[in-house]
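User: I'd like to learn how to read the packing in a model like this one. Can you walk me through it?

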Amino acid sequence: MRVLVAIDDDTLINPIVDFVAAAFSHHGTIIKLLHVIEPSQVTDTLTSMSGHGETRKILEERLRSASTLLNEVRNDMHPKMIPSVPIEISVLLGTPHRVILETAEESQSDVIVLGSHGRGDLSRLRISSVSYAVLSHAECAVTIVKPRQWVEDLEDSSKSKHAGAQTLV
Amino acid sequence: MITKVLIPVEDLLFDEEIREFLVQLNTLAIKLKVLHVVDANRAVYEWPSMEYEQNSEALVRTVAENLRSYFPGVEVETAVREGIVKDEIAREAEAFQADLLLMGSHGRRGLGKFLLGSTAKDLIPLSPCSVVLLRAKKSLKHGKAKNDFENIAATK
């Protein structure tokens, strides 16, 4: 089973790690963690700063923080999986849904794993455009990971997003 | 841990994919529930209600029996509900305390129309748990679902 896990930010890392560990901890599983840097993020930052030649610097910084993030996820994931499961890390530049779909195709992924939403409470009410595009065009199965939101959890709104299973709507 | 998996079905199109995914899980510890939601808006003009209900029962029973034969000892419940499909699935997921919704990315309605079934897309924000949307194998993508549904109706 080849599993492609697209990590956007640190919002849903715990539920994603838990899901992947629960569902795919088997011999033969190959995990690839992917983060996509959007070129627009880099140029947007650039316009607010003066001068050229900054692109490279910003890009390097993005790359660094993305690999730090993915390394953290890998470190979280490793102890929860059987030791023989390799976890690759990949940071790519491009339009997120395109890069995710292309990577899935190139690495012949059997399943793509995505978080259900990014930051911000409103984003929970609808499916993100990246998820929608990936769901619409993926050739393989797609998992949208959500923190569990059963009724009893709804009463406690103060739990942090990192509480994973306890997060509410 | 994934211990409870709700499987909403519209036809038998994803039978094999569902099985292949479940093999990945620790099936000794899991409980399954097969759900079909009769779309309240459509049943009225598409099928005489009684017949549709019987087909729905036959559908969930068939899916459940197939699962039981592949995963002996695993508890498989069935349910047929009526209403707005996405709402009923979300409600059932909550009542069952599902850890996972496992379903095809589209049902018969979606075939040839949309790549992603509107129920699947609308369901995700409502779902209280993670959702796995399975993709039909290419060879099955065309023209199988209808036959399956007719077969069920014929064997009831």
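Predicted model: local features only at pLDDT ≥ 70, side-chain atom pairs only at ≥ 80, totals over all residues.

User: Which residues is Ile112(A) in contact with, leaving aside its neighbours within four places in sequence?

Analyst: Ile112(A) is in contact with Leu4(A), Ala6(A), Ile100(A), Ala104(A), Val134(A), Ala138(A), Cys140(A) and Val142(A).

User: Back to the helices. How do α1(A) and α3(A) lie to each other?

Analyst: Start with the angle between the axes. Angles from 65 to 115 degrees count as roughly perpendicular and those under 35 as roughly parallel. Here α1(A) packs against α3(A), residues 55-77, at about 45°, with the axes 10 Å apart. The two helices are therefore oblique to each other. The contact uses Ile13(A), Val17(A), Val20(A) and Ala21(A) from α1(A), and Val73(A), Asp76(A) and Met77(A) from α3(A). By class, that's six nonpolar residues, one charged and no polar.

User: And chain B, what order do its elements run in?

Analyst: From the N terminus on, they go β-α-β-α-α-β-α-β-α-β-α, with six helices and five strands in chain B. Of its 156 residues, 42% are buried. Take the contacts in chain B between residues at least 6 apart in sequence: 80% of them join residues at least 24 apart.

Technical notes. Residues numbered from 1 in each chain as written. Chains lettered and ligands numbered in written order. Contact = placed C-beta atoms within 7 Å. Helix = DSSP H or I, 4+ residues; strand = E, 2+ residues; numbered from the N terminus. Buried ≥ 20, exposed ≤ 12 C-beta atoms within 10 Å, placed from the backbone. Axes fitted to C-alpha atoms, helices over the stretch in contact; angles between N-to-C directions. Parallel < 35°, antiparallel > 145°, perpendicular 65-115°, else oblique. Nonpolar A, V, L, I, M, F, W, Y, C, P; charged D, E, K, R; others polar.
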